[in-house]
Amino acid sequence: MASSSLLLLSLMLTPAFVFGEDLSGLAATSSLHKRMKREWIWNKMHISEEFNATLPHHVGKITSSIKNSNTKYVLEGDGAGTLFKVDDRTGDVFAYERLDREKKAEYHLKAHILDRRTDQALEQPSVFSIAVYDINDNAPIFVHRVFNGSVLEMSPVGTTVTKVTADDADDPTLQGHANVFYKVIRGERYFNIDKDGNILTAAPDLDREKQASYEIVVEAIDGQGLKSEESGTATVRITLTDINDNSPTFTRGLFSFEVPENIALSGEVGRVEVRDIDEPQNRNTKYSFVRGTHQDTFQIIANPYTNEGIVKPKKPLDFETTPIYQFTIEATDTDINPAYSKMKGSKSLATLHIKVIDVDEPPVFKQPSYTFGVREGSDINETIGSVSAYDPDNAKRPIRYSILKSNYFKITNTGFISATSKLDREEHAWHNITVIANELEKGRIVPRLETHAQVYIKVLDINDNAPEFAEPYEPRVCENAAAGEVVISISAVDKDETPPVVKFTYSLVSEHNNFTLIDNHDNTANVTVRNGLFNRELAKVHYLPIVISDNGVPRQSSTSTLTIQVCKCNENGEPTFCEEAAKQVGVSLQALVAIFICILTILVIVLLITLRKRYTSKPNVLRKNVAEIHEQLVAYDEEGGGEMDTTSYDVSVLNSVRHRGMTSPPLTLEPRACVYSQVQKPPGMGLSSPQEMAMVIEMKKDEANNDGDLLPYDTLHIYGYEGAESVAESLSSLGSGSSDSDADCDFLNGWGPRFKMLAELYGLESQEDLTY
């Protein structure tokens, strides 16, 4: 403290040392009006933090070489006017608060020297600083109250776990003020700390399975032994990370399971359990068989989630062969460090007992699949091959065979396969069939005991097809082609198998043509011109029959016709004009039969339609309404001229009725012609009187009404329906609802001269004469 006071006193009594760039200025005296060089004689001050003296504290003094009684000093900058103040006459600077270096270590201010009267600057302003001296008044403080760290279990001594940090706010440039030292005050048996704050392991056998976490306390002090009671300590929580350092052990010494003999290869027999105190990600248990026969019959697969051993069969089980299995099994973990396995044990053993349960099994084929060959065209009773299956159980039931959905093959009860029809390799070269084997008990098939086997039958080829052209050739030849010119190169194909030894030969049916055939001895041949110079006027198309034969047994051959067109060609031998040859169309017998059946069917349909039309065209008066009966007077298209027409009808026929009386003679059943068709109309007959015409009509109506042998309709030769569009409507009396006397026929007067007589008979007297 004495040394600090002495230093402060020297600062206040002496000018400040020069620090940085000197500032100078020119000042002018008011009397001489001359500017003389002036300069500040200070630029830095110092003061101790937390200075324990009466306020204000004298910091220093700012002076200038200007000698002027009107000089005034002014401060500007950090804390000017509040924290720091200056005596405007003497330049003494005072601090009015205790300073803390940890809050602000240095203050920067600017000093002004002014004329008190005018407030004009006498010199340029000068920048200076006030530095706060540090005292060791702060203890180290941890940046966190709790730190977390982790380290692998069983790590060697000195392994870094984590790092802690404490800060000291004092000036680090002063010896002992900000130096931090660490110490473990709890948990030092397992961990320690170095000077940089690194937590290190202090024990070699930290085992997670014994203790998974630790909590230690560390302390921080500075170089002078200063420490904080509240923030000078911190807690460090350390977690041990698991490693694979423990071997699995069986939970029991004996595992017993029962399994049916028909279990699938992917089925589960049972599970063996182990205990591994490591975490799941560090468990890698391997199971193996140590002792016991038929070890290759089963396998044990570790479940990656539960670490259990799943026992599964690798081969089919057979109760009749091996009813019981017993093994000694072992559980190990090959990923464990050998050093740890010696400390904690390396393996665990247990007994595995498996009992096979007998079940009624389906038949078993002696082979999983069968392959047979048969020559095409063979006799249907010829045996192609046989299959065989047996009952694996002690019952040894008989077996019956059948084929699943096949139209080509059959099988006997003893398993012999034969064809149901002749086979053609060109239709199907291979046949895949499924043979079913069933067990029989008392002659009946045992349900659910069925086994399938695939049978592959290859149809062996025989030479039963003749070779033919490989494609439909359309060769052309120029009419001026020279002898020896190649027209086309032909090749052949055969539906039968064509191994490399098969050779095709070509020959002409006749040599009497202008072409030759040259065999190339590679299953092709060239058609060439024999003499040349074709005449298009004589033949525009030449048909060349060619015989193609193979060398098979038996030898097969066919004749194919090559249609060669003779064309006009240009100088380069390129065809310029060719006439299309008539295409030969071949129709098979089956096609002809089909065409004949179609034609016959069409004829029958046409005949039936004709008969139906003829039947329906006959009038059936029973199915017609009264309004549909039409009048037929000799000819249908004869309209007639009405009462005034004396040439269209023979009125004498009607008059003949008067001589016979009103009673109609009895009708005979003998056929006779219509009376109107037999009567010749006399030419030039005069008109009858209205009374006579009326009497004849009444007689005819009475005749028709009283004739019991005819239909109850008006005779078609007298009355008929005029038509739906006729204004006169029907003349038939059958549809009338009233008598003639009730009908108002006055409208006949308006129909013209043709209906004058009818108007006189049925209508009222005309008011005026009708004009023709």
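This note walks through the chain as a whole, its strand pairing, its core, its salt bridges and a surface patch.

1. **Ground rules.** Please keep in mind that this is a predicted model: local features need pLDDT of at least 70, side-chain atom pairs count only at pLDDT 80 or more, and totals for chains, interfaces and linings use all residues. Residues are numbered from 1 along each chain as its sequence is written, and side-chain values use heavy atoms, with hydrogens and water left out.

2. **The chain overall.** The secondary structure comes to seven helices and 45 strands, taken as DSSP runs numbered from the N terminus (helices H or I, at least four residues; strands E, at least two). Of the 772 residues, 36% are buried; here buried means under 20% relative accessible area, exposed over 50%, and partly exposed in between (1.4 Å probe, protein chains only). The accessible surface is about 47,200 Å², and 53% of that area belongs to carbon and sulfur atoms. Such areas come from the Shrake-Rupley method with a 1.4 Å probe, and for residues only the protein chains shown count as cover.

3. **Contacts along the sequence.** Contact means heavy atoms within 4.5 Å. Among contacts between residues at least 6 apart in sequence, 67% join residues at least 24 apart.

4. **Strands around β44.** Two strands pair if DSSP finds at least two bridges between them. β43 pairs with β44 in the antiparallel sense over nine bridges, with His542 having Ile564 in β44 as its bridge partner. These two strands, β43 and β44, form a hairpin with six residues between them.

5. **On to β45.** β44 also pairs with strand β45 (residues 575–577), in the antiparallel sense and over two bridges. Lys568 has Phe577 in β45 as its bridge partner. The hairpin of β44 and β45 has five residues between the strands, and Gly573 there takes a positive phi near 80°.

6. **The largest nonpolar core.** A nonpolar core is a set of buried Ala, Val, Leu, Ile, Met, Phe, Trp, Tyr and Cys residues joined through side-chain atoms within 4.5 Å. The largest one has 26 residues, of which Ile490, Tyr506, Val527, Ile546 and Leu562 touch the most other members. At least two residues of this core come from each of β38 (476–478), β39 (486–493), β40 (504–508), β41 (515–519), β42 (524–529), β43 (541–550) and β44 (557–569).

7. **Arg208 and Glu279.** A salt bridge is a side-chain nitrogen of Lys or Arg within 4 Å of a carboxyl oxygen of Asp or Glu, and by this rule the count comes to 19. In one of them, the side chains of Arg208 and Glu279 meet at 3.9 Å, N to O. Arg208 lies in the loop between β16 (198–201) and β17 (213–222) and Glu279 in the loop between β22 (274–275) and β23 (285–291), so the pair ties together parts that are 71 residues apart in sequence. Arg208 counts as buried at 15% relative accessibility, while Glu279, at 29%, counts as partly exposed.

8. **Two further pairs.** Arg237 forms a salt bridge with Glu215, with the closest N and O atoms 3.4 Å apart. This pair links distant parts of the chain, Arg237 in strand β18 (residues 233–241) and Glu215 in strand β17, 22 residues apart. In another pair, Arg271 and Glu308 form a salt bridge whose closest N and O atoms are 2.9 Å apart. Here Arg271 sits in strand β21 (residues 270–272) and Glu308 in the loop between β24 (298–302) and β25 (309–313), 37 residues apart. Arg271 is partly exposed at 32% relative accessible area, whereas Glu308 is buried at 17%.

9. **A surface patch.** Val593, Phe596, Ile597, Leu600, Val604 and Leu608 make a nonpolar surface patch of about 570 Å². Patches are made of residues with over 30% relative accessible area and no salt bridge; like charges are joined within 9 Å, and nonpolar side chains (Val, Leu, Ile, Met, Phe, Trp, Tyr) within 5 Å. Phe596 lies in helix α3 (residues 589–617) and is exposed, with a relative accessible area of 55%.
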